[in-house]
Structures are given as structure tokens and as C-alpha cells.
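Please read it alongside the sequence and the coordinates shown below.

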Amino acid sequence: MSFPPDYTALPAGQVSSSVNAPPIEYMFSQIMLAVQKSQTEISDLRQECADLRLANASLERQIREGFQLQNGNGYYAGSRMGSGFATPVPSSPQLRAKSPFLSPHSIPSLAAAPTAHFSSPLGDNAVMPFPLGVRDIPGFYVVIPAGGAGTRLWPLSREEHPKFLLDLTLKGRSLIQATWDRLLPLSSPLRTTVVAGPGHVKSIREQLPDLLPHNLICEPGPKDSMAAIGLAAAVLAKRDPDAVIGSFAADHMISGDDAFLSAVAEAVEVAKKDYLVTIGIAPSHPSTGFGYIRLGNKLGIKEAPNARLVSSFKEKPDARTAAAYIGTGNYRWNAGMFVTKASVLMDLLKDYKPDLHDGLQKIAAVWHDEALRQAALNEIWPELEKIPIDNAVAEPAAAEGKVAVVPATFGWDDVGDFSSLADLLPAESNQPRVLGDSCLVLTEQVAGGIVVPGSGRLITCLGVDDLVIVDMPDTLLVTTRARSQEVKRLVKKARDAGWKQLL
């Protein structure tokens with residue numbers, strides 16, 4: 001320990017009141033500095049160890065996956081494998097993009113967004129990638145249905161560029177990229193499948209460079225969730241008869257990645273008991289925009305202590321009914337997440353929708369022969385019934401006690417309208433949310449609302465509250481947050497009026 005230069009040590013036992021003696025405060029500050037330095041060094045060492053563990057796990061995973069591909073367990077030996085992050089993490093986690101579009105050609109006349117790429121924007125792993133090699137579930141296959149007509153967030157989203165391709169948090173990752181990042185720890189690229197329409201295939205390949213070619217299933221046309229998920233299940237059952245699949249929409253936002261991954265892992269354990277399993281979201285408010293799940297009795301599965309039977313599914317309720325649901329404590333939001341054995345799903349489909357089951361099985365039987373596959377799709381797909389998975393199998397199976405639910409605590413939103421999107425964006429007090437370059441928005445006495453300055457023009461607002469203003473190069477939308485769920489009505493009117501090129 002160092003002392004002031006004018007300090008003179010005295011013989012043992014001698015006490016001095018000299019002004020040259022080091023003050024107690026000085027000695028204490030020196031001790032605290034030494035302690036802080038030690039703590040900093042220990043923290044640095046811990047961080048280095050953590051980084052080394054992650055790097056080692058990543059290397060082991062890449063070696064394992066490469067070995068599997070070379071030994072015939074994958075379909076394309078030598079395919080480029082990676083962690084799912086094709087671009088580097090920026091140096092500052094505060095960096096925000098200026099546009100929700102990740103590429104300049106997405107919408108005409110828009111400037112390119114900066115290439116700032118994070119992992120799951122709303123998750124716990126926002127700064128550091130997921131812990132590789134820790135949560136992998138053998139035999140579990142992720143299915144990501146990537147569909148949508150781009151009507152609910154129009155004109156920001158379009159038919160050829162729906163919301164799952166947009167970066168709605170301005171953190172450099174689109175919704176489908178965030179979904180990929182979030183789920184990859186459970187399945188790796190080898191067991192992650194995306195189902196999409198032909199108009200979105202090119203953009204998905206650009207945004208998910210580690211998606212293996214055989215794991216991108218292209219459906220010829222929109223047939224709702226049952227056909228999309230059922231086709232993936234039929235194909236995956238041919239590859240692995242024991243496969244457990246989990247279906248997770250490409251355009252949902254989730255906060256709390258650890259809670260999410262734990263809920264999925266618990267759902268997989270229940271699915272192994274031959275249940276169709278959904279994940280129920282704890283409602284934060286009496287929403288009229290979501291369906292509800294009524295909880296039944298506990299299943300008593302040791303590996304899944306939270307799992308319950310589904311008593312029934314409820315359609316989107318009115319405000320009074322939604323409030324009554326929440327008051328009972330026995331209801332959860334239905335987020336449309338399903339986990340089950342691929343073979344169990346196909347058996348349920350055979351019981352409740354045999355024609356749809358037979359058509360999908362015929363397509364899956366020839367899936368790996370490109371010529372036969374295309375012929376089967378051309379012949380069979382147009383005749384398949386268009387129906388959601390909830391109506392096709394979940395509701396009738398629940399009535400027979402075949403559906404379970406894992407109640408979960410993570411945050412969730414399907415970003416179904418501009419009002420929901422506004423709630424997910426940061427804002428200063430008594431100011432509207434801005435999705436884009438905030439320098440293009442000037443306000444005076446304006447509270448609430450959301451502004452999307454997508455055209456590059458300056459937008460000014462005076463004395464108007466809770467407005468939704470979406471200013472694109474070719475279209476301007478103005479409505480209120482209260483009526484933002486009705487935007488799809490304008491889309492229909494625009495189509496009927498001959499403005500299809502703007503949809």
C-alpha cells in the first residue's frame with residue numbers, strides 16, 4: 001500500500017498526531033481501490049471462461065453436425081453449416097436501424113437498413129448468441145410456418161413482403177430471423193424446417209442462409225395452418241417415424257427466451273405421451289383479439305409438472321367475456337403453438353379430416369422425387385381443404401381428452417395490428433412511437449399513436465393523439481389505434497378499386 005510522500009513511519013508503539021500521518025479516509029480509499037481492481041480482474045476471468053465455453057460448445061456442435069452430414073444423417077453432405085448468424089453482432093447493443101426493411105429492394109424507393117444483426121430482439125439472448133450445445137432436444141424438429149397476406153400491417157407489409165420479413169424492433173433482425181435464433185438451440189439447422197409460399201422463398205433464403213435446402217418446404221398456395229403444418233409433419237414422419245415436431249409461427253414476438261425454451265422442452269415431454277400439446281400464454285389483459293384455452297386437470301407427468309389437459313378452446317371473445325375469463329384464473333391465451341409426434345398429428349388428421357390426411361400423405365410419399373412431387377402438388381394441393389389446425393384437429397381432440405397445455409410465463413404478442421406494434425416500441429413520455437428514423441417526425445402536443453416514416457418525407461403532427469400514420473413511398477395510411485384492427489377492410493377496398501399493385 002502506498003502513502004503520501006511526506007509521511008514518515010514511527011517506531012513501533014509510538015503514536016503521533018503529526019499532520020503528516022495518512023488520514024483514515026485515504027487508507028480506506030486505497031483498500032477499496034484494491035478490492036475493486038480484484039473484482040474487475042475476477043469478472044474478466046469469468047467472462048473469458050464463459051466465452052471459451054461457448055466457443056468450445058460451438059465447435060463441438062459444428063463438428064458433430066458435419067460428421068452427421070458426412071455419414072448420411074443429413075440430406076446434403078458438405079452443406080454450409082453455421083450457428084444461424086450470418087452477420088456479426090454490432091459493437092454497441094444500442095445501435096438502432098433507420099428502417100424496418102432489411103434490404104433496399106423490399107419496398108420501392110426505400111434506403112437500405114444498416115446491417116446491424118442481433119439475435120432474438122425481445123429475448124434474453126439479445127446481446128450474446130444462444131448457449132450452443134446446452135438445450136438440444138434429440139428427435140425434436142422445429143416447423144416454422146411462414147405465411148401471411150400482409151393485410152394487418154398494410155401498407156408497411158405487403159403480399160410479397162409480409163410482416164415476418166420485417167424488422168419491427170429496428171434491431172437488425174426480422175421476425176422470422178428472431179424466431180430462427182430463438183428456436184435453433186433446441187434443434188440445430190439439421191432439424192429446423194420452414195413452410196412458405198413460392199412468393200416468399202427467395203427472401204427467406206436470403207434472410208436464413210443456414211436453412212438447409214431440403215428443409216424449406218414450398219406450398220403452392222395458401223391453405224391455412226392445417227395443410228402447411230400437416231405437410232411438414234407428413235414429410236418429417238417419412239424421414240424420422242419417431243419425430244416430435246413443434247410448430248411456431250414466423251411472425252410472433254416473444255420476450256423471455258429462457259422461459260420459452262423451458263416451456264417447449266416441457267411440451268416435448270408431454271408429446272412423448274402421445275398428446276397434442278399447446279402452450280398457453282398467461283393473459284396480461286382481457287384481449288378480444290386472441291383465442292383462449294380453458295385449463296383442465298393436471299396430468300401428473302413427472303417430467304412436465306405444469307402440464308394440464310385442455311378443457312376446451314374458446315374463440316375470440318367480446319370484452320366482457322374476456323374479462324370474465326381472466327377473472328377465473330383458468331384461461332390462457334391460445335398462441336397457436338403446437339408440439340406433438342408427427343405420427344400422432346397425422347393420426348388425428350386421419351380421424352377428423354380423412355380427405356386432407358390422404359392428400360398430404362400422397363404428396364409426402366413422393367416428396368423427395370422433384371418431378372413426382374410437383375405433379376402431386378399440382379394435382380392434389382388445389383383440392384385440399386383450407387382450415388386452421390385449431391378447427392381441424394385441436395378442438396375435436398380436446399373434446400376427447402387428447403390435447404394438453406403447458407401454461408407459460410414468457411411474454412408473447414402476435415403483432416396483429418398497429419396498436420399492438422406501438423406497445424412493443426420504445427417512446428418518450430407523451431410522444432408517439434416511431435418505427436423508422438425519428439428525425440423525420442416532429443410533433444407538438446401529441447400523445448400516443450405510432451408513426452412510420454417510410455417515404456423519407458418529414459411528418460409533422462400537432463394536437464392529435466393516438467393516431468396511426470404509415471407513410472410509404474406509394475401509399476399513406478391514417479387511422480386511429482382504436483380502429484387499427486380494421487385495416488384489412490381498407491385492403492379489400494383497395495383491391496376492389498383496382499389498386500392490387502399496392503397490396
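## A buried strand and its partners

Strand S10 (residues 403–408) is largely enclosed by the rest of the structure, because six of its six residues are buried, where buried means under 20% relative accessible area, exposed over 50% and partly exposed in between, with a 1.4 Å probe and protein chains only. Helices (H or I, at least four residues) and strands (E, at least two) are DSSP runs, numbered from the N terminus. The model is predicted, and local features need pLDDT of at least 70, side-chain atom pairs count only at pLDDT 80 or more, while totals for chains, interfaces and linings use all residues. Residues are numbered from 1 along each chain as its sequence is written, and side-chain values use heavy atoms, with hydrogens and water left out.

Val403, Val405 and Pro407 point one way from S10, whereas Ala404, Val406 and Ala408 point the other way, and all are buried. Two strands are taken to pair if DSSP finds at least two bridges between them. Strand S6 (residues 276–281) runs parallel to S10 and is joined to it by six bridges, with Val277 standing opposite Ala404. Strand S8 (residues 308–314) is antiparallel to S10 and joined to it by two bridges, and here Arg308 has Val405 as its bridge partner.

## Nonpolar cores

A nonpolar core is a set of buried Ala, Val, Leu, Ile, Met, Phe, Trp, Tyr and Cys residues joined through side-chain atoms within 4.5 Å. The largest such core has 52 residues, of which Phe140, Ile204, Phe248, Ile279 and Phe410 touch the most other members. Helix H5 (residues 257–271) gives the most to this core, with eight residues. A second, separate core has 48 residues, among them Ala233, Ile293, Leu360 and Ile363.

Contact is counted between heavy atoms within 4.5 Å. Apart from its neighbours within four places in sequence, Ile279 is in contact with residues including Phe248, Ala263, Val264, Ala267, Trp333, Val406, Ala408 and Phe410.

## A four-stranded open sheet

An open sheet of four strands has the order S12-S14-S16-S17, with mixed pairing. Its edge strands, each pairing on one side only, are strand S12 (433–434) and strand S17 (476–480).

Strand S14 (residues 450–453) runs parallel to S12 and is joined to it by two bridges, Val434 having Val451 as its bridge partner in S14. S14 also pairs in the parallel sense with strand S16 (residues 467–471), over four bridges, and Val452 stands opposite Val470 in S16. Ile450 and Val452 point one way from S14 while Val451 and Pro453 point the other way, and all are buried.

## A loop residue

Thr288 lies in the loop between S6 and strand S7 (291–298), and Thr288 is partly exposed, with a relative accessible area of 36%. Although Thr288 and Pro317 are 29 residues apart along the chain, their C-alpha atoms are separated by 5.4 Å. Not counting residues up to four places away in sequence, Thr288 touches Lys316, Pro317, Asp318 and Ala319.
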